[in-house]
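Here is my note on the model, point by point. Please read it with the structure open.

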There are 2 protein chains.
Amino acid sequence: MLADDPLGASRESPEDLTPYREALKRLADDPNQQLVVAVRGNRVVGTLQLTLVPGLSRRGATRSIIEAVRIHAGERGSGLGSRLITWAVEESRRQNCQLVQLTSDASRTDAHRFYERLGFTASHIGFKLQL
Amino acid sequence: MLADDPLGASRESPEDLTPYREALKRLADDPNQQLVVAVRGNRVVGTLQLTLVPGLSRRGATRSIIEAVRIHAGERGSGLGSRLITWAVEESRRQNCQLVQLTSDASRTDAHRFYERLGFTASHIGFKLQL
């Protein structure tokens with residue numbers, strides 16, 4: 001799913017899983033990370049990563065950050081994306097977060113409408129720097 | 001500094017430091033968090049929080065997220081903001097991150113030009129949901 005995407009195609013290497021396995025261990029060892037996988041039958045059809053970030057601002061609020069939202073091409077329009085995001089929002093509430101945030105590539109206009117329908121506000125500009 | 005800001009004024013409570021002290025403990029206990037404070041004389045004049053987020057995408061890349069960039073009103077234009085961001089980028093390289101990201105409120109147009117001068121690309125839309 002990572003590589004089956006206009007943005008992901010050039011930056012993944014599914015033929016060598018070693019760096020992915022190492023990253024999975026880093027995720028599993030970090031109590032502030034949750035990686036959720038949706039499975040239908042024997043097939044992984046969706047992923048979402050939820051990160052808790054403590055902070056001082058907003059009266060010492062912890063925020064959560066959603067990353068790595070991927071829905072299998074065959075599942076788009078099935079409501080799976082909504083279920084994953086709704087889970088992430090509810091889990092953030094359970095963890096006493098006061099804010100959920102995510103960024104979406106400016107070219108993904110369908111995704112923007114999707115997040116707005118789920119109650120998110122497009123209030124920020126997301127800046128990235130490749131190292 | 002948190003409250004001395006058009007966006008922060010309504011969401012901070014400097015008269016009661018208890019929630020901030022509790023949040024500082026959560027930050028100190030999390031090895032993926034670094035909170036940097038710039039001091040001139042006896043006065044805190046700048047802050048920045050750097051969070052490391054492991055992930056599977058981009059060949060298992062770890063990214064860093066910059067939050068809580070605050071510069072004391074009397075220090076604006078002094079180059080302190082550039083020094084803090086430059087530190088965060090260099091530290092992210094030292095920690096083998098492949099990407100540094102941050103979001104900035106859409107109304108902070110001066111900040112957007114500042115991040116672009118430092119090499120960041122405004123490629124994403126930042127969505128937030130208050131809980």
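1. Terms for the sheet come at the start. Two strands pair if DSSP finds at least two bridges between them. Helices (H or I, at least four residues) and strands (E, at least two) are DSSP runs, numbered from the N terminus. With that in hand, Q49(B) stands opposite E67(B) in β3(B).

2. Basis of the note. This is a predicted model, in which local features need pLDDT of at least 70 and side-chain atom pairs count only at pLDDT 80 or more, while totals for chains, interfaces and linings use all residues. Residues are numbered from 1 along each chain as its sequence is written, chains are lettered from A and ligands numbered from 1 in the order in which they are written, and side-chain values use heavy atoms, with hydrogens and water left out.

3. The sheet. Ten strands would be the thing to trace on screen: the open sheet of 10 strands runs β1(A)-β2(A)-β3(A)-β4(A)-β5(B)-β5(A)-β4(B)-β3(B)-β2(B)-β1(B), and its pairing is mixed. At the edges stand β1 of chain A and β1 (33-40) of chain B; each has a single partner strand, so one side of each is left without a neighbour in the sheet. From one strand to the next, the twist averages 25 degrees. Angles here run from 0 to 180 degrees between N-to-C directions, and axes are lines fitted to C-alpha atoms, for helices over the stretch in contact.

4. Strand pairing. In chain B, β2(B) and β3(B) run antiparallel and are joined by seven bridges. β3(B) and β4(B) run parallel, with three bridges. There S64(B) has V100(B) in β4(B) as its bridge partner. In chain A, strand β3 (residues 63-71) and strand β4 (residues 99-105) also pair in the parallel sense, over three bridges. S64(A) sits opposite V100(A) in β4(A).

5. Helices on the sheet. Contact means heavy atoms within 4.5 Å. Helix α4 (residues 109-117) of chain A lies across β3, β4 and β5 (121-130) of chain A together with β5 (121-130) of chain B, at about 165 degrees to β4(A). Helix α4 (residues 109-117) of chain B packs on the sheet too, touching β5 of chain A together with β3 (63-71), β4 (99-105) and β5 of chain B. Its direction makes about 165 degrees with that of β4(B).

6. Burial. Buried means under 20% relative accessible area, exposed over 50%, and partly exposed in between (1.4 Å probe, protein chains only). Eight of the nine residues of β3(B) are buried, so that strand is largely enclosed by the rest of the structure. G46(B) belongs to strand β2 (residues 43-53) of chain B. G46(B) is buried at 0%. G46(B) and E75(B) are 29 residues apart in sequence, yet 8.3 Å apart in space, C-alpha to C-alpha.

7. Salt bridges. Side chains of opposite charge can pair when their charged atoms come close. The criterion is a side-chain nitrogen of Lys or Arg within 4 Å of a carboxyl oxygen of Asp or Glu. Over all chains there are 10. One of them is R63(B) with E67(A), at 3.1 Å, N to O. R63(B) lies in strand β3 of chain B and E67(A) in strand β3 of chain A, so the pair joins two chains. R63(B) and E67(A) are both buried.

8. Two further salt bridges. E75(B) meets R40(B) at 2.7 Å, N to O. This pair links distant parts of the chain, 35 residues apart: E75(B) is in the loop between β3 and α3 (80-94) of chain B, R40(B) in strand β1 of chain B. E75(B) is buried at 6%, whereas R40(B) is exposed at 52%. D110(A) and R113(A) pair with closest N and O atoms 2.6 Å apart. Both lie in helix α4 of chain A, three residues apart, about one turn of the helix. D110(A) is exposed at 56%; R113(A) is partly exposed at 48%.

9. Backbone checks. Which residue in strand β3 of chain A deserves a look? A68(A) lies there. The phi of A68(A) is positive, near 60 degrees, in a residue other than glycine. N96(B) is not a glycine either, and has a positive phi of about 65 degrees. N96(B) lies in the loop between α3 and β4 of chain B.
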